[in-house]
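Subject: Structure for your review

Dear colleague,

Please find the structure below, together with its sequence. My notes on what was found in it follow directly after.

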Amino acid sequence: MSEAKTEPTPSEPAWWTGAVVYQIYPRSFADSDGDGVGDLPGIIGKLDYLAELGVDVLWLSPVYQSPHHDNGYDISDYRLIDPVFGDLEQFGELLDGVHRRGMKLVMDLVVNHTSHEHEWFRESSSSLDNPKRDWYWWRDPRDGFAAGEQGAEPSNWGSAFSGPAWTLHPETGQYYLHLFAPQQPDLNWENPEVRAAVYEMMNWWLDLGVDGFRMDVINYISKDQTLPDGRVPAGGLWGDGAPHFISGPRIHDYLQEMHREVFAGRTAELITVGEMPGATIEEARLFTDPARRELDMIFQFEHVGLDYGPGGKWDYRGLNLGDLKASWNRWQTGLAEAGWNSLYLNNHDQPRLVSRFGDDTRFRYESATLWATLLHLHRGTPYIYQGEELGMTNVPFSSIDDFRDLESINYFYEATAVLGLDPEQVLSSIRVMSRDNARTPVQWSDATHAGFTTGEPWLSVNPNYPTINAEADRASDRSIFRHYQRLIRLRHDSVVVRLGRFNLLEGNHPTLYAFTRTHEGETLTVVANVSGENLILPQGAGQGKRLLSNYPDGGAGDTGRLRPWEARVLQTARP
Ligand code: TEU
């Protein structure tokens, strides 16, 4: 095992290098009024819990007015809170409560598209010459085709939620573009009025006191205006438009303009994170280099696609640890000099990490805490998704009727009815990867519906709630919550966790994940056994002062061996 070179201290590291963010999916967090849907008062009631966990920032998935075809990622009014969640007054109370506890609140900004019920789209679709017609992507049917005819879509792009990315609007005879559901028309960022309206709205929220934005698919906003056809994958129905809208021609101009119009000159300490499917390391460096004034950090997707088979998301083949080590190593070193990583394994779109990458039956505590340790010890800003701190697991959905997520449901019908696949097989792949795994209500206690609601929850509670819940976890001597607390404290207290240079060790070992973090003469070594078997460590690798471990004896005893899913953080050199 070798040691890395010491890194020069950056002049003034940003506050968020030492911060941990917690994502709330409001629908499923806590319901105060018994309608089965989580709400703002529900969140307010849990602020002490979150403060106790020790997180610095709360990111709220969308709470704006929405018809909820995609659970709020289809916004019909950016300046209103949807009544199902509460109102602006309650939002103010939430913001105060967050600030009083020394935390910050980040809004979800969904501006690649709006809801089809947004006033802008209503106007835009009302006539060919409406002044807002050009606020969205309207196109005539393909040359030689009549509107509505098969193949008449202006490009062959498929939508992320099955079917074509174009829908005909019969009244005006044109198609509009939607990279997601037909109820989520894409805004045309080429139009300066659109950009000005978005910036004005962002400024409105910042003036209200929010502390930043998580920006939904923000690397999709600049499209190749010629909208060329994409490659149709083998066995696929639609073309892949991604090369023509991911990090498109003007993306950096738009983000720099947004920075000038919204963030520049504000004195508050804000945070911006762009969600960017398909972003490369080179692009990430451009997006997050502070000198370029675009974003603080991005969510990249490379590591959450490593267990996809050739057929994509629904073709699950399991994770090869070597692929993950290689990927994270590239991102850590790629953003070491300029830019910044965000670190996540879970969010509202990903299956539960303990089921996906760990062992959610025999070693649930050990594997959940191992992954937490690995993630939080990398260089970057860690994100925790609600329930992750309790080791919540995937859900044993029994039929397609148990799902609520439109991505899963649309895929089921397309795969069975159009592609003719076996329904049982399709169901078993959806069960593994569906976004609904992450969206079942937070399990607070062993009371009815896990203490989430007194009514009927909008999506059924995971049946394992009598044993897996916040009360039980915190009463246990093997509390996952407490392990997250320790990891957060370690980041707060340790400059080497925040800023230290990352150096991967034993890159080819099949089950050992080991690395060092080094800063000004101090070195931490992380060793983790990503398996359910004992692991003999390479000579000397387990020695050093133990700072953290996920075994109740604090990782005492044998320094030459790791037990199943054991992770240790060791101080191996001191300044
Ligand atoms: O997701 C963007 C995205 O590309 C994927 O994560 C997508 O949700 C899907 O899982 C791909 O298989 C963002 C939001 O996080 C997601 O919840 C929204 O549905 C989507 O944008 C549209 O706003």
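Arg-568 is buried because its relative accessible area is 1% (buried means under 20% relative accessible area, exposed over 50% and partly exposed in between, with a 1.4 Å probe and protein chains only). Arg-568 belongs to strand S22, residues 567-573 (helices, H or I with at least four residues, and strands, E with at least two, are DSSP runs numbered from the N terminus). The side chain of Arg-568 is in polar contact with the side chain of Glu-566 at 3.0 Å. A polar contact here is a pair of N or O atoms within 3.5 Å; within protein, one must be able to donate a hydrogen and the other to accept it, and residues adjacent in sequence count only if both atoms are side-chain atoms. Between Arg-568 and Asn-529 there are 9.2 Å in space, C-alpha to C-alpha, and 39 residues in sequence.

Before you read on, please note that this is a predicted model, in which local features need pLDDT of at least 70 and side-chain atom pairs count only at pLDDT 80 or more, while totals for chains, interfaces and linings use all residues. Residues are numbered from 1 along each chain as its sequence is written, and side-chain values use heavy atoms, with hydrogens and water left out.

Salt bridges

Side chains of opposite charge can pair when their charged atoms come close. A salt bridge is counted when a side-chain nitrogen of Lys or Arg lies within 4 Å of a carboxyl oxygen of Asp or Glu. By this rule there are 26 salt bridges.

One of them joins the side chains of Asp-186 and Lys-223, at 2.8 Å from N to O. This pair links distant parts of the chain, 37 residues apart: Asp-186 is in the loop between strand S8 (174-177) and helix H5 (192-208), and Lys-223 is in the loop between strand S9 (212-215) and helix H6 (242-245). Asp-186 and Lys-223 are both buried.

Another salt bridge is formed by the side chains of Glu-407 and Lys-313, at 2.9 Å from N to O. Here, too, distant parts of the chain are linked, with Glu-407 in helix H12 (residues 406-418) and Lys-313 in strand S13 (residues 312-316), 94 residues apart. Glu-407 counts as buried at 11% relative accessibility, and Lys-313 counts as buried at 16%.

Asp-405 and Arg-435 also form a salt bridge, with their closest N and O atoms 2.9 Å apart. Asp-405 lies in the loop between strand S15 (381-385) and H12, and Arg-435 in the loop between helix H13 (423-433) and helix H14 (436-439), so this pair ties together parts that are 30 residues apart in sequence. Asp-405 is buried at 1% relative accessibility, as is Arg-435 at 7%. Through shared partners, salt bridges join Asp-70, Lys-313, Asp-349, Asp-405, Glu-407, Arg-435 and Arg-439 into one network.

The ligand

Which residues come nearest to the ligand? Of the 19 residues around it, they are Asp-70, Asp-216, Asp-349, Glu-407 and Arg-435 (a residue is near a molecule if one of its heavy atoms lies within 4 Å of it). By class, this shell has 7 nonpolar, 3 polar and 9 charged residues. For these classes, Ala, Val, Leu, Ile, Met, Phe, Trp, Tyr, Cys and Pro count as nonpolar, Asp, Glu, Lys and Arg as charged, and the others, Gly among them, as polar.

A polar side-chain atom of Asp-349 lies 2.5 Å from an oxygen atom of the ligand. For the side chain of Asp-216, the distance from an N or O atom to a ligand oxygen is 2.8 Å; for that of Lys-313, it is 3.3 Å. The protein covers 91% of the 480 Å² of accessible area that the ligand has on its own (Shrake-Rupley method with a 1.4 Å probe; for residues, only the protein chains shown count as cover).

Further residues

Gln-386 is in the loop between S15 and H12 and counts as buried at 0% relative accessibility. Its side chain reaches the backbone nitrogen of Tyr-25 at 2.7 Å.

Most residues other than glycine have a negative phi. Ala-450, although not a glycine, has a positive phi of about 60°. Ala-450 is placed in the loop between H14 and helix H15 (470-475) and is buried at 0% relative accessibility.

With kind regards
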